[in-house]
Amino acid sequence: MKRFNLNPVCAGVLAVLATATSAQAQSAPVDVPRIEITGSHIRRADTEIASPVQIISRDEIDRSGKVSVGEYLQTLAVDNQGSVPTTFGSGFASGASGMSLRGLGAASTLVLINGRRIAPYGMADDGQKVFADLNVLPLEAIERIEILKDGASSIYGSDAIAGVVNVILRRNFVGTVAKTSYGRSAYGDGIEKRVTLTHGVGTIEKDNYNFLLNAELVSKGDIYNSARAGRGTVGRSDFRPEGYSAEASGSAQNGGIGAIISGGGTAFSSIVGNVRNPSTLLYSSRVPANSAACANLSRGYPQGDPGGGCLIDATQRYGMIQPKSDSLNLFGRYTRKLDGDAEHYTEFNYYNSDYTSSGTPSGVSSSTGYPGGPVSNSGVALGANHPDNPFTGSAARLRYLSADVGPRVSDVGNTFTRFVSGFKGVSGAWDYDSAFLFSESKTNNVRSGYLQRDVAFALLNPTAANVAAANANSSAYRALPAGTYWRIGENAGLNSAAMYAALSPSISNNAVSRTTQLDFRASRELGQLEGGPIGLAVGAELRRESITLDPTSGTERGNIIGLGYSAYTGSRNVAAAYAEGLMPVTKQIEITAALRADHYDGGIGTTATPKLGFKWKPVSNFALRSTYAEGFRAPSAAESGKGGLAAFTSAADPARCNPPSITIGCNPGSVAIITSPNPNLQPEKSKSLTFGAVWDATPNTSLTADLWQIRRTNEINQESTSAAIAAGSVSRDASTAIPGVAGDPGGITAVLARYVNSARTTVQGLDMDLRHRINVTGGRVTLQANWTHLFKWQRVEADGTTYEYAGTHGNCDATNCMGTPQDRINLGATLDYGSWRVSGIANYRGAIKNVYSKGEDCATHIDVDGTIPGPANCRIGAFTTVDVSARYKISDKTEVFGSIRNLFDAVPPMDPTTYGAAGYNPLDYSGAVGRYFSMGMRHAF
């Protein structure tokens with residue numbers, strides 16, 4: 001066992017706890033109702049603890065008009081870059097939704113249900129970050145949500161570096177309530193139908209039991225990019241109207257439009273096929289852009305490529321803003337009162353969803369990789385005798401968008417279960433709670449529209465080697481008539497169904513994650529200090545975690561064109577013990593302290609994490625508070641287990657950025673990156689500080705302000721893509737060099753990396769929360785404002801290179817390249833008047849600069865034709881949406897309600913850099929959808 005030497009901070013924590021244990025009573029206890037607040041296991045009367053906690057009531061969620069927990073939480077000011085939007089259908093974690101407190105990533109945000117863990121989603125974000133799926137949380141069963149906004153590893157465990165989201169579900173309910181709602185966008189799509197039934201019988205006081213059952217059935221319709229044509233740049237990768245050239249749009253990571261660039265030396269995938277002349281090595285379109293065939297296949301899409309390519313915006317035609325999904329969510333709780341003050345409780349969660357997303361058709365030349373190495377597909381060609389080859393007698397390289405195969409579709413099925421059975425009560429002076437937990441997440445992803453490399457190569461260019469490879473690996477190919485070709489473009493109608501079945505069969509993979517836990521915690525009072533009773537809490541946990549992701553069939557040998565490899569497996573046992581003390585030294589001063597020790601098997605060993613808190617209340621309506629906490633995050637199975645990752649990212653290629661002779665590498669483009677797990681990784685560690693004030697200025701006005709800083713060291717990352725490229729850790733294809741350009745080394749086929757403890761990150765910011773009530777005749781107006789401002793989001797790499805991401809489009813290694821806005825603000829106003837409640841909420845995202853880090857010159861985003869494209873002054877503008885909702889109580893049992901999201905139909909600004917959405921930032925999803933209406937009814941029986 002690895003031993004941990006207690007530092008002076010830990011020693012101080014132990015000393016404080018010892019003081020609490022030995023303190024003598026000074027006054028009789030006061031009978032005040034006490035509750036447990038997230039961030040502490042000690043029950044107390046004062047809900048304002050030393051740690052900053054944002055408590056979100058059920059009413060606040062209802063007033064927002066949001067229809068899922070994930071959608072609501074991702075609009076909050078405390079959420080930032082690294083969150084996982086459900087709408088990102090092409091990501092590794094498609095079908096799930098994750099929250100990223102402080103922009104430190106979903107893997108550093110711990111999500112709990114009723115104070116206990118849930119099994120994480122089986123498919124890690126970016127193939128690395130294991131996180132909890134917010135979609136499994138039952139919206140109608142929620143009583144409140146508590147967000148602990150500082151580090152909480154000393155209370156809850158290793159993965160709470162950035163904080164905790166604790167979802168408190170209803171625990172006692174009597175009666176029957178039915179709720180139904182219907183929503184649709186102003187465009188007539190994205191239809192959402194929701195039916196909820198909540199039923200509860202028995203009261204603890206009279207019947208000695210309570211049984212609660214909540215069921216939610218939800219269906220969400222899809223929204224295609226094509227349905228938002230003309231809505232700014234939403235859903236587009238062709239940015240010619242915004243000043244980009246066809247060449248720059250063609251190189252966008254969103255899919256390209258089929259342009260021919262660099263004087264014909266390079267071309268992108270085209271719906272008719274761009275082919276390279278075997279003699280001149282220059283590309284041309286198989287079918288002229290002004291031909292009837294191009295017009296038919298592009299459906300009249302605007303042409304104008306100087307290189308003569310037949311253009312189409314595949315992203316706009318095939319991509320989605322919102323995938324289609326159907327889900328069933330069940331939550332049940334049974335509570336039985338036992339002898340004395342004891343009770344037994346059982347909780348059960350079941351969630352099942354089906355999620356279908358569509359993306360662009362596959363190109364035939366996209367390179368990929370697998371742990372065995374890079375696989376270059378740039379040499380794919382039309383054979384010498386292929387009937388669609390304009391250069392008969394010689395093989396010709398091909399750049400083709402397989403629109404005839406159809407879009408790439410993912411159908412993700414997820415089943416989540418959670419079972420808790422425990423006892424709680426009072427024994428002597430101790431309140432205790434002990435339970436067994438089992439939670440499991442099973443995911444299956446079935447994909448269609450993806451191309452088998454060996455079959456595609458054989459059908460396009462049937463050389464002896466290509467045919468042998470296809471015969472060896474595909475029985476469907478062996479069954480095809482000899483001499484079968486894949487006809488492309490305008491001739492695709494000549495292909496047989498059997499040919500397509502061999503070329504693009506369904507492929508799939510499965511993921512399973514499990515968490516099993518046995519825990520015990522107890523708390524008591526140990527007498528009195530001047531300020532009140534001393535509190536002590538102790539606890540212990542035994543936990544087993546396991547996760548397995550199988551590779552998608554074919555990716556284990558790099559045989560799926562354009563689809564990365566991701567697989568991992570691992571398990572570990574965790575034992576933990578912790579203690580916490582609360583000392584109200586005087587009526588003005590309160591000190592809290594906690595210490596936790598976690599032991600991980602598998603070489604991680606034992607780590608201790610302390611936390612100290614201080615609150616000073618010099619007057620009854622004003623308090624200062626501060627916390628210091630240490631934390632750590634053990635490597636996940638995806639980072640240190642068995643497996644690997646071959647994925648895609650965007651990066652510039654300095655070796656191919658030498659204006660004016662060669663500029664193809666100046667604009668960031670899609671590159672494959674192969675990353676290997678590292679069993680020698682050490683845990684990430686963190687230190688967090690908060691200092692704030694709570695001021696109840698009047699009985700109707702309260703203000704909180706908290707300065708905070710989290711410093712994370714030993715950070716686990718993929719090696720920086722740009723650093724790996726600069727170091728030459730790449731694989732290139734020299735045959736893709738532009739003819740006649742001296743010094744062109746050819747394109748990158750793969751960047752070779754691994755997971756390393758490579759960096760440290762410092763995040764600093766300010767949270768402000770203002771609430772004010774105004775009493776009016778017959779009612780009340782409630783005003784609320786939440787503002788989070790980032791002063792710093794700085795990463796320092798192992799070599800000392802420093803990146804400042806606050807206010808920029810970075811860090812693109814985190815998630816979706818959605819950027820790090822410095823300001824996020826939520827403003828709300830609610831009028832309660834008689835039977836009416838009317839609310840309005842404004843959600844603001846600050847502007848970001850369209851560079852990856854501060855200090856970067858916009859000129860580094862130079863276009864291939866020598867211009868600087870993109871938003872004015874390299875700036876992606878701020879964005880604000882306003883949501884309104886209303887409720888009218890027809891009677892004590894019946895109410896009707898409705899909402900309008902994005903009331904003013906705000907259109908999001910252009911974002912050409914993100915790959916989590918097309919033409920707009922994923923944070924601005926509501927703007928992409930447009931104005932959205934919903935209405936419903938609630939009735940209590």
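Which loop, between which two strands, holds Cys874? Here are some notes to read beside the model.

1. First, some ground rules. This is a predicted model, where local features need pLDDT of at least 70 and side-chain atom pairs count only at pLDDT 80 or more, while totals for chains, interfaces and linings use all residues. Residues are numbered from 1 along each chain as its sequence is written, and side-chain values use heavy atoms, with hydrogens and water left out.

2. Back to Cys874: it sits in the loop between strand E38 (848–849) and strand E39 (875–876). Helices (H or I, at least four residues) and strands (E, at least two) are DSSP runs, numbered from the N terminus. With a relative accessible area of 7%, Cys874 is buried. Buried means under 20% relative accessible area, exposed means over 50%, and partly exposed is in between (1.4 Å probe, protein chains only). From Cys874 to Ile145 it's 729 residues along the sequence and 38 Å in space, C-alpha to C-alpha.

3. Ile145 takes us to the largest nonpolar core, which has 41 residues; Ile145 is among those with the most contacts inside it, as are Leu73, Leu76 and Met99. A nonpolar core here is a set of buried Ala, Val, Leu, Ile, Met, Phe, Trp, Tyr and Cys residues joined through side-chain atoms within 4.5 Å. Elements giving two or more residues to this core include helix H3 (69–73), strand E3 (142–148) and E34. A second, separate core of 25 residues includes Leu451, Val455, Ala458 and Ile561.

4. What does Leu76 touch, leaving out residues up to four places away in sequence? Its partners are Gln54, Ile56, Met99, Ile147, Arg824 and Asn826. Contact means heavy atoms within 4.5 Å.

5. Now the strands, which count as paired if DSSP finds at least two bridges between them. Strand E30 (residues 684–698) pairs with strand E27 (residues 622–633) in the antiparallel sense over 12 bridges, and Ala623 stands opposite Val694 in E30. E30 is also joined by 12 bridges to strand E31 (residues 701–718), again antiparallel. These two, E30 and E31, form a hairpin with 2 residues between them, and Thr698 has Thr701 as its bridge partner in E31.

6. There's also an open sheet of 4 strands in the order E12-E11-E19-E18, with antiparallel pairing. Its edge strands, strand E12 (283–285) and strand E18 (381–382), each pair on one side only.

7. Leu783, in strand E34 (residues 779–797), is partly exposed at 32% relative accessible area.

8. Most residues other than glycine have a negative phi, and most peptide bonds are trans. Yet Gly810 and Asn811 are joined by a cis peptide bond, with omega about 5 degrees. Asn902 has a positive phi of about 55 degrees and is buried at 0% relative accessible area.
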